[in-house]
Structure formats: structure tokens, C-alpha cells
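Please open the model in your viewer and keep the selection panel at hand. The stops below are given in the order in which they may be selected.

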Amino acid sequence: MFHKLKIPLLVIFIGGTSFWFGNKMYFYYTHESAPVVSLSGITQDGTYQGVVACSIFANNDYKISSIAPFLDGQPYNLNTNTNVRSRTFTLPFSLDTTQLADGKHSFEIQAQDSSYHANKANHHWDFYVDNVPLKADFLRPSYKVEQGKTMHVSIQANKILAKASLSFLGKTFNCYQSSPTNTTYECFIGIDCEEHPVEQMLVADLEDAAQNSIKLTAKAEVAAFPFPRQKNGFSVNSKKLEHEKEISMNTKILEEAVGKWSQDSAKQKMWNSPFEMPTQIRRISTPFGEVRVTPERGRYLHKGLDLVNDPKSVVWASQNGKVIIKERYLMTGNTMVIDHGLGVTTLYAHLEEFMGDLEVGDFVKKGNPIGKIGMTGYASGYHLHWELRVNNTPVDPTEWTQNIY
């Protein structure tokens with residue numbers, strides 16, 4: 001009985017071995033998938049300092065025969081066996097960036113499997129080295145700004161920063177390079193007319209690309225400003241208001257839109273000179289910050305300039321920028337708003353009509369005609385209501401016509 005079973009078992013063994021060997025040979029000749037390789041510790045366009053712990057991960061359906069790493073085009077010694085002959089593996093190593101010059105570098109990995117086709121994979125990562133300690137300071141030791149004015153803060157760093165922000169009055173504001181290649185960062189903070197006078201620390205949080213961070217502090221004071229009070233009251237004809245309600249959008253929509261656009265403001269200046277008054281001025285009928293009382297609105301602060309010129313006189317763009325709003329609203333009538341970058345916007349209200357073919361999204365140059373002086377919206381006479389906002393906080397526009405920020 002034993003002898004009768006011996007031959008069939010041998011046949012099965014030989015057949016199974018042949019099948020296994022045949023499959024292996026078939027796989028050896030037909031496999032065409034390149035090894036999958038990844039790298040931890042270094043990411044594309046990342047910035048690093050000191051000694052960086054890294055690992056090479058690789059896997060393939062067929063055995064990977066070898067791994068060849070290169071640093072800046074030259075073979076790099078991992079101090080471990082790179083003839084791996086395994087389907088999946090991890091090779092840890094350390095990259096000492098202190099031995100490299102600050103700036104851009106590259107790391108490359110070539111992998112090859114053991115199949116007949118010797119399938120290859122080539123992966124490349126660019127990265128940056130920054131071993132320079134981060135240093136920075138305020139260009140002024142302290143700041144003082146009046147209600148309704150703009151606080152302009154400048155910080156000098158010794159390198160390009162990845163993050164820069166200022167905290168003041170419970171809010172956080174982004175800082176931006178004064179020019180694309182400059183390491184001076186600036187921030188514009190609009191102080192509301194009704195902000196309480198206070199002295200508070202201005203706090204800067206800075207971080208470079210290698211994630212070094214520092215915190216700076218400086219004293220900053222908000223000082224009281226004696227805003228004028230309205231001498232002669234005014235009211236708007238009720239029939240005119242009813243008509244405006246029929247043809248205009250709610251002013252709340254305008255405020256929400258300006259707030260959104262301020263957050264999405266261009267991240268660079270569009271100006272390189274002082275802003276200009278948007279029309280010839282015969283007189284200023286209402287100064288910035290005037291305390292008003294009207295039947296329709298009660299007590300409020302006038303947060304713009306009312307400029308009087310001849311009816312239907314041309315209104316010009318006060319500075320280069322992008323049109324972000326062009327619409328008619330109940331209180332401001334025909335209104336155009338222009339974004340000048342870094343959260344700075346100008347608003348032109350009560351226009352008789354818009355001029356040219358400007359539409360939302362169009363770029364406009366300083367001095368280009370944008371409309372005509374009118375009395376649309378909540379207005380009792382022909383004038384231009386002109387606002388300048390910094391991060392959606394209205395500030396005195398005349399300050400921006402007298403200074404180059």
C-alpha cells in the first residue's frame with residue numbers, strides 16, 4: 001500500500017514544483033511595474049536646518065535589487081547596505097544640513113528591481129537649507145496713533161519670512177514684504193473713530209521657512225481726537241428715500257461685500273505714490289469723523305469725506321487698484337469700491353452715474369474717470385462721499401494723500 005502511494009506523491013511534488021517555478025519565471029519575464037519610492041523627513045520645497053532624520057520607503061511586487069541616492073547630483077552615502085533585494089523595506093538615515101550651503105539643494109533616489117526588465121524609478125525632491133538664526137526688530141521703538149487714523153508698522157528681518165503677523169486691540173493683522181525681494185515687513189492697522197484711547201502692547205509673531213520663530217513687542221498708544229460736531233442738521237426727502245428703496249440694494253449687503261473683499265485683498269501694494277483727492281474740491285461739506293444726528297439715522301459718526309464740486313463733475317480713481325464693487329445701494333447710491341492691495345480700499349458714493357466700461361475685476365489706474373458727482377442714495381445735495389478703509393476700518397483719507405506709505 002505504501003509503495004502504491006509513493007509514486008503519486010512524487011508526481012504531485014514534481015508537478016507543484018514545476019508550477020511554482022513556472023509562475024516565478026513567468027513573473028520574472030513579464031513584470032513591468034517600477035518600484036514605488038517615498039521619502040520622509042524631506043518634502044518638496046521644504047526648508048531645513050541642523051540634522052534632519054530621514055527614511056527611504058520602497059515597495060514593489062518584485063524584489064528591489066538596489067537603491068541609489070544622490071545629493072545635488074553626487075552619490076550620497078547612507079551608511080547602510082543599498083543592495084536590498086527585498087519587496088518592501090525602510091532605510092533610515094540622517095542628513096546633516098550644517099555641511100551644506102544655505103540655499104537650494106536636491107535629493108534624488110534611483111531604484112531598480114531584479115526582474116528581467118530591470119524596472120527603474122527615479123524620484124527627485126528640491127529643498128532648501130537655512131541655518132541662519134532668525135533676527136528681527138521694529139523700526140520704531142513705540143507707536144502713537146489718533147482715533148480715525150492709520151498706524152503704519154515696519155519690521156526689519158534678516159531674511160525672508162514664512163509668516164509675519166501683528167496683534168493689537170484684540171485683533172490679528174498680517175504683515176507683508178514692502179517689496180518682493182525686501183526683508184522689511186509692514187502692516188497697516190486702521191484705528192476706528194470710536195476706539196477707546198488706550199496704551200497697549202503691539203505684539204509681532206514672526207517665523208522663517210525653517211520654522212524658527214521669535215516674538216517682538218513694542219508700546220502702542222491710541223490717542224483721543226477731537227472730532228467736530230455737526231453744526232447744521234439735514235434730512236432727506238421721504239419720497240426720495242422711498243424711491244431709493246425701490247431701486248437700490250440694502251446697504252447691509254454692501255458692508256458684507258466690502259468685509260469679504262477686504263479679507264481677499266491683493267497681497268501686494270498697487271500704489272507707489274500718495275493717494276489723490278478724487279475730484280476738484282470747492283469745499284468739504286462734512287469732514288471725516290463728524291458727529292451727526294439725523295431723523296433717519298439718529299446719532300452716528302461720519303466715516304468719510306463729503307467733497308463738493310459742481311454737479312455731475314468727474315470723479316477720478318484716487319489710486320491704482322482693482323474694481324471690486326459696482327452697484328447701487330440704499331444709503332450710498334451708485335457706489336464703486338476699489339481694492340488697492342494689503343487690505344486698503346477706497347469707496348466712492350452718491351455717484352450720478354458710472355463712467356466708462358469699468359466692471360468688477362477690472363484694473364483701474366490713478367486718475368482714470370470712474371463716475372460723476374451725484375446725489376443718489378441718502379443725500380440731500382450733490383457731493384461725493386469718499387471713504388478709505390484699512391482692513392475694512394474707515395480712516396481719515398487725507399492722511400493717505402499726504403504720505404507715501
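Select lysine 63 to begin: this residue lies in strand 3 (residues 51-71), where helices (H or I, at least four residues) and strands (E, at least two) are DSSP runs numbered from the N terminus. Lysine 63 counts as partly exposed, at 46% relative accessibility; buried means under 20% relative accessible area, exposed over 50%, and partly exposed in between (1.4 Å probe, protein chains only). The model is predicted: local features need pLDDT of at least 70, side-chain atom pairs count only at pLDDT 80 or more, and totals for chains, interfaces and linings use all residues. Residues are numbered from 1 along each chain as its sequence is written, and side-chain values use heavy atoms, with hydrogens and water left out.

Patches consist of residues with over 30% relative accessible area and no salt bridge, like charges being joined within 9 Å and nonpolar side chains (Val, Leu, Ile, Met, Phe, Trp, Tyr) within 5 Å.

Next, select Met25, Tyr29 and Tyr116, which make a nonpolar surface patch of about 310 Å². Tyrosine 29 belongs to helix 1 (residues 2-30) and is partly exposed, with a relative accessible area of 41%.

Now turn to the salt bridges, of which the structure holds 19; each is a side-chain nitrogen of Lys or Arg within 4 Å of a carboxyl oxygen of Asp or Glu. Select aspartate 396 and lysine 149, whose side chains meet in one of them (4.0 Å, N to O). The two residues are 247 residues apart, aspartate 396 in the loop between strand 28 (393-395) and helix 4 (398-402), and lysine 149 in the loop between strand 9 (142-146) and strand 10 (150-157). Aspartate 396 is buried at 12%, and lysine 149 is buried at 12%.

Move to lysine 159 and aspartate 208, bridged at 3.0 Å, N to O. Lysine 159 lies in the loop between strand 10 and strand 11 (161-168) and aspartate 208 in strand 15 (residues 198-208), so this pair ties together parts that are 49 residues apart in sequence. Is aspartate 208 buried or exposed? Its relative accessibility is 0%, so aspartate 208 counts as buried.

Finally, select glutamate 244 and lysine 240, a salt bridge with its closest N and O atoms 3.6 Å apart. Both residues are buried.

Note on methods: Areas by Shrake-Rupley, 256 points an atom, 1.4 Å probe, with all protein chains shown as cover.
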